[in-house]
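My entries follow the structure.

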Amino acid sequence: MFSMIEILGIICMGILFVDSEPLVKLKRLIGFKEEEYFYWGEPKKFIYRLLTCIMCSTFWIGLIITGNLYVAAITSVSADIINKIMMRL
């Protein structure tokens, strides 16, 4: 079983993966620029959503780290809730 600290760590990793400035700049460097979104084909749009969606990114990070579908789902939804609260502050 996973401790609360490990689950919170996965949540934080998911939020940082999507919102941290160095990773946003890295995503732009490899070609995922928000202003060009409407000119892309469907495969690139799909990858862009995976890289910029809190729930998507945290789900896959949680699934890879834990190997547990339920923990991945809990971390995904929790990361989205925490991110929405942080955006209000």
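I took helices as DSSP runs of H or I with at least four residues, numbered from the N terminus. The model I examined is predicted.

Entry on Ser57. I located Ser57 in helix H4, which covers residues 54-66. Is Ser57 buried or exposed? I class Ser57 as buried, because its relative accessible area is 4% and the cut-off for buried is under 20%. I found its side chain reaching the backbone oxygen of Leu50 at 2.6 Å. Setting aside residues up to four places away in sequence, I listed Phe17, Val18, Leu50 and Leu51 as touching Ser57.

Entry on the core. Which residues make up the largest nonpolar core? I noted seven: Ile7, Ile11, Ile15, Val18, Ile54, Val71 and Ala79. For Ile15, leaving aside neighbours within four places in sequence, I recorded contacts with Ser20, Ile54, Thr58, Ala79, Ile82, Asn83 and Met86.

Entry on the surface. I also found a nonpolar patch on the surface, formed by Met4, Ile5, Leu8, Ile82 and Met86, with about 500 Å² of accessible area together. H1 and H5 are the elements that give two or more residues to this patch, and H1 gives the most, with three. I checked Ile5, which lies in helix H1. I class Ile5 as exposed, because its relative accessible area is 67% and the cut-off for exposed is over 50%.

Methods. Residues are numbered from 1 along each chain as its sequence is written. This is a predicted model: local features need pLDDT of at least 70, side-chain atom pairs count only at pLDDT 80 or more; totals for chains, interfaces and linings use all residues. Side-chain values use heavy atoms; hydrogens and water are left out. A nonpolar core is a set of buried Ala, Val, Leu, Ile, Met, Phe, Trp, Tyr and Cys residues joined through side-chain atoms within 4.5 Å. Buried means under 20% relative accessible area, exposed over 50%, partly exposed in between (1.4 Å probe, protein chains only). Contact means heavy atoms within 4.5 Å. A polar contact is a pair of N or O atoms within 3.5 Å; within protein, one must be able to donate a hydrogen and the other to accept it, and residues adjacent in sequence count only if both atoms are side-chain atoms. Patches are made of residues with over 30% relative accessible area and no salt bridge: like charges are joined within 9 Å, nonpolar side chains (Val, Leu, Ile, Met, Phe, Trp, Tyr) within 5 Å. Accessible areas come from the Shrake-Rupley method with a 1.4 Å probe; for residues, only the protein chains shown count as cover. A salt bridge is a side-chain nitrogen of Lys or Arg within 4 Å of a carboxyl oxygen of Asp or Glu.
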